[in-house]
Amino acid sequence: MITAPALEIAVLVLGLAILLVEAFAKDLDKRTLALTGMIGLAGVLVATFFLSPGTAATATGFWSFYTADPLAIFFKRFALVTTILVLIMMIDYAPVVRQSIHGATPEAGLGEFFALPLFTCCGLMWMASAIDFVMIFVSLEVVTMSFYVLVAFNRRNPASLEAGVKYLILSALSTGFLVYGITWIFGVTGETNLERIGAVLRSGGLEQGPVLFGIALILVALGFKIAAVPFQIWVPDVYQGAPTPVTAYLSVGSKAAGFVVLLRVLGPFFILPQVQRLLVVIAVLTLLYGNLAALPQTNLKRLLAYSSIAHAGYLLVGVVSFSGSAVAFYLVSYLLMTTLSFAVLVVVANQTGDRMEDFHGLSQRSPFLSFAMLVAMASLAGIPFTAGFLGKFFIFDAAIRQHQMTLLVVGVITVACGFYYYLKVIRAMYWESATNTASIPLSGLSRVTMIALMLAIVVLGVYPQPILDALYPRPVATATTR
Amino acid sequence: MILLFIVFCPLLAALAILVGAPARRTALAASAFTLLATAGAVFQFDQAAQGFMFVSSLPISAEWRLSFILGLDGLSLIMVLLTALVTLAAVWFTGEIKRHEHAFYACLLFIAAGALGAFASLDLFFLYAFHELALIPTFLLIGIWGSGDRHAAAWKVTIYLATGSFILLLGLILLYRSVPEAARSFDLRVLQTAASAGQIPVEAQRQIYLLLLIGFGILISLFPFHTWAPQAYAAAPAPAAMLHAGVLKKFGLYGLLRIAIPMLPEGARHWAWLLIILLLGNIIYVGLVTIAQKRLDWMLGYSSVMHMGYIFLGIASANLLGMNGAAILMFAHGLSIALLFAIAGQVRERTGTLVLADLGGLGRVMPVGAFAFGLGAFASIGLPGFANFSAEVMVFFGAFHKGADFDRFHIFQIATLLALWGVVISAVYMLRAYRATFMGSMPERWLSVPDLRQPLRLPIALLVVALLWLGFFPQTFVRMLAPNFGAYFSQNR
């Protein structure tokens with residue numbers, strides 16, 4: 001049997017191997033590196049289904065830092081799938097990178113471009129398992145470091161460079177907040193392990209002020225990761241400037257990891273009512289800001305950036321309503337529909353551009369791509385029979401159970417806004433006529449990927465059970481009742 | 001099996017058309033087969049049986065007690081029959097499509113499939129989900145193939161309907177949550193049993209009913225949420241307007257009849273006064289607005305909003321007579337408005353305008369069209385002999401009778417008297433529109449305008465025969481409705 005940490009080690013080794021091969025095999029077609037990475041990750045993904053059962057929560061030593069509970073395994077798979085999809089997108093995006101980097105060989109720089117996501121993936125998987133503030137901090141930094149490089153990868157492109165600098169400075173700042181917050185919590189409770197912090201908090205007799213101050217600082221840092229208002233300022237510029245696959249990765253992988261940590265960290269602190277109230281305010285602001293600011297956008301990449309803020313708002317509603325399964329399902333549906341829309345964006349942007357006008361009349365130029373985008377947008381808007389609808393359904397069901405009436409009212413308003421700006425994309429593709437009627441080539445791999453994503457969106461929109469089961473495995477009654 | 005075929009035939013046909021099957025032929029065949037299958041279901045329908053027939057179910061999620069269940073009782077059978085009839089007529093009336101012909105037919109069939117699925121679903125979740133299936137096709141139909149200010153109309157209808165359905169969704173989730181844990185289910189039959197046993201607290205009933213009333217109300221164009229409807233129908237291509245005004249709008253009324261009234265009787269009683277005031281807004285205010293219209297399509301759009309008022313009156317009365325009337329009026333209105341929009345579409349195709357002042361005398365060159373429009377207009381006014389008349393009579397008697405349950409002159413009776421004036425109002429605008437379009441002097445340039453093509457007379461005959469049949473024999477439907485409606489009202493007294 002395989003133990004959980006072996007997965008991260010395998011991904012790390014895979015990344016190093018690809019870097020080494022890239023350094024020594026000069027004549028290799030760099031796309032084989034990406035394919036190797038994908039196959040390796042797929043292997044690891046398969047391996048996650050053969051894990052030996054996790055150790056008990058009271059464990060000490062290494063297992064007091066690291067857990068392999070269903071939530072962790074679930075998000076490890078999530079990170080792996082995301083990374084595979086991002087690598088597929090990166091192959092489509094490779095020509096753009098080539099234009100931007102003038103190296104000695106025509107494919108200079110591509111090796112690192114394909115290898116870095118593996119290190120990010122390792123960090124994301126680690127983050128899913130972290131149950132100790134020290135571990136959370138370290139894994140968060142692993143993720144962020146590789147993103148620094150990836151965001152600024154098109155280094156001859158001023159927009160990409162600007163995005164990189166913005167991300168670097170603001171991310172470093174938020175890390176500072178995180179460390180400072182951890183220090184305060186440690187100072188009050190004397191613990192860094194979340195489980196034991198929870199025990200100390202429940203035993204009572206602590207001074208509340210410092211604890212609240214500490215958790216508020218930590219929320220600042222995590223708010224930065226998940227792009228919650230008021231820590232969202234970096235999002236539009238960085239998303240627009242970064243290479244598109246990296247944008248998709250940031251908006252799915254980084255955000256999902258942020259939410260896992262948020263779910264874990266907030267667990268012990270929800271006995272303080274102030275924390276919940278603070279989160280309600282953040283959720284309301286995030287919902288309103290993300291959706292209202294998305295309305296006038298004319299650049300699709302920027303629109304998706306604001307939409308990612310908006311979805312962070314819905315996810316926060318799930319967090320506030322203590323519904324881990326709703327959050328997890330929403331994240332999965334968000335993964336599917338966001339990667340699908342970015343995948344289409346990469347292909348179309350290679351031909352024309354990423355402004356809304358570049359999508360005019362896409363239905364004539366490529367009926368397949370426009371239908372894929374239609375499915376993605378319908379799901380993002382939350383139309384039934386798509387995964388996006390069930391995601392919203394579970395989230396709002398959780399909010400109703402917790403009687404969060406403010407969130408519900410705001411939710412109704414923002415969903416209506418969402419319909420407007422997602423349908424704007426559909427309008428551009430179907431109503432308007434094209435200025436450029438050249439058809440758009442699409443590689444076989446991308447076509448298969450998009451079909452798979454569309455099918456997944458529709459199937460999960462009707463049959464959500466696999467995801468719900470993955471997070472809360474049914475009790476193993478069959479073996480014992482024999 | 002037969003029901004599965006009815007629901008999935010248009011859906012599969014739409015997908016086939018998207019992949020590349022010949023558009024018009026596939027669509028016609030699919031809607032004809034759907035109608036045939038529905039007719040088969042009508043003949044097989046056992047009028048004595050309680051509960052639902054043709055039930056087939058597929059469990060989706062045990063944890064949420066969510067299953068995909070299809071089944072029909074009298075009410076849903078009537079609605080399915082309406083959908084099948086109007087779909088066939090709408091597909092038949094579709095003329096030559098210049099842009100994206102495949103997508104046009106696929107959109108029409110998606111709307112039909114959504115309506116059929118919603119009416120046939122016995123599960124709250126799928127009932128809602130199927131209705132939403134029509135949202136994006138409507139947006140595309142109006143936006144791509146519409147006329148006039150089509151972009152604004154498409155946005156307006158989409159945003160209105162999206163908001164309405166979302167409010168509705170909240171109401172439905174609240175309903176699901178309001179039932180005690182043991183009985184919690186998305187299955188309408190289970191929910192109805194729990195509701196009949198009084199397991200939904202009164203306070204919750206009032207809240208949920210209000211949410212459902214607003215949510216469904218927006219979908220039905222209840223005053224003051226009605227402004228999207230005339231604009232959308234005026235801009236939509238004729239087949240889309242036929243389907244939307246004839247069928248899709250009935251989904252909200254169906255929801256009220258199926259969910260809000262039987263499951264939340266306390267809520268209905270509590271908010272009756274509000275519904276009465278709003279429906280008078282539909283009948284009187286919108287009726288007067290309709291008289292003032294200067295374009296045929298806008299006039300028809302407003303008239304369809306106004307007629308919703310009568311159906312609301314039947315629903316608000318919440319007694320057997322009124323509910324029967326409401327159900328039959330839904331059917332009758334669906335057919336008559338589809339007929340009117342179809343002829344209006346033909347007129348626009350020939351003359352290029354629907355401004356009443358520019359039209360005139362078309363009865364001379366298109367006598368069949370004029371005759372069909374006249375029949376539709378008479379039905380819509382509620383002339384005896386048409387289904388609308390028998391249904392409206394039931395609604396008025398039901399509502400008046402409801403008021404008589406109270407010892408003083410009640411708001412229900414006042415509303416009934418005022419609503420009767422609505423009949424006069426609809427006579428005024430319908431006859432004026434008929435005169436302006438088909439009578440009087442005709443401009444020279446339309447002398448060579450052809451009459452309706454021969455094949456188009458068949459769908460017209462289909463709609464008119466159905467209207468007349470129910471006008472003379474409303475008992476056919478009353479008997480179908482009796483088992484479930486009767487059971488509910490005997491328990492609820």
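Modeller: Start with packing. Two residues are in contact when heavy atoms lie within 4.5 Å. Keep in mind that this is a predicted model.

Biologist: Which helices of chain B do the buried residues of helix 17 pack against?

Modeller: They pack against helix 15 (296-317), helix 16 (320-351), helix 18 (387-404), helix 19 (411-438) and helix 20 (457-472) of chain B.

Biologist: What makes helix 17 of chain B "mostly covered"?

Modeller: Buried means under 20% relative accessible area. In helix 17 of chain B, 11 of the 15 residues are buried. Among them are B:Phe373, B:Leu375 and B:Ile381.

Biologist: How do you know that the length of helix 17 of chain B agrees with what a helix should span?

Modeller: The expected span is 1.5 Å times one less than the number of residues. For the 15 residues of helix 17 (residues 367-381) of chain B, that gives 21 Å. The end C-alpha atoms are 21 Å apart, so the two agree.

Biologist: What follows helix 17 of chain B?

Modeller: B:Gly382 does, and its phi is positive, near 100 degrees.

Biologist: How many residues of helix 6 of chain B are buried?

Modeller: Helix 6 (residues 135-145) of chain B has 11 of its 11 residues buried. They include B:Pro137, B:Phe139 and B:Trp145.

Biologist: Why is chain B called as compact as a globular protein of its length?

Modeller: First, its make-up: chain B has 21 helices and 2 strands. The globule rule gives 23 Å for 493 residues, and the radius of gyration of chain B is 21 Å, which is close, so the label holds. Of those 493 residues, 67% count as buried. Contacts reach along the sequence as well. Among contacts in chain B with a separation of 6 or more, 81% join residues 24 or more positions apart.

Biologist: How far apart are the mean positions of the positive and negative charges of chain A?

Modeller: They are 4 Å apart, for 26 positive and 21 negative charges. In chain B, with 29 positive and 20 negative side chains, the centres lie 6 Å apart.

Notes:
Residues are numbered from 1 along each chain as its sequence is written. Chains are lettered from A and ligands numbered from 1 in the order in which they are written. This is a predicted model: local features need pLDDT of at least 70, side-chain atom pairs count only at pLDDT 80 or more; totals for chains, interfaces and linings use all residues. Side-chain values use heavy atoms; hydrogens and water are left out. Helices (H or I, at least four residues) and strands (E, at least two) are DSSP runs, numbered from the N terminus. Buried means under 20% relative accessible area, exposed over 50%, partly exposed in between (1.4 Å probe, protein chains only). The radius of gyration is taken over C-alpha atoms; the globule rule is 2.2 Å times the number of residues to the power 0.38. Lys and Arg count as positive and Asp and Glu as negative; His and the chain ends are not counted. The place of a charge is taken as NZ of Lys, CZ of Arg, CG of Asp or CD of Glu.
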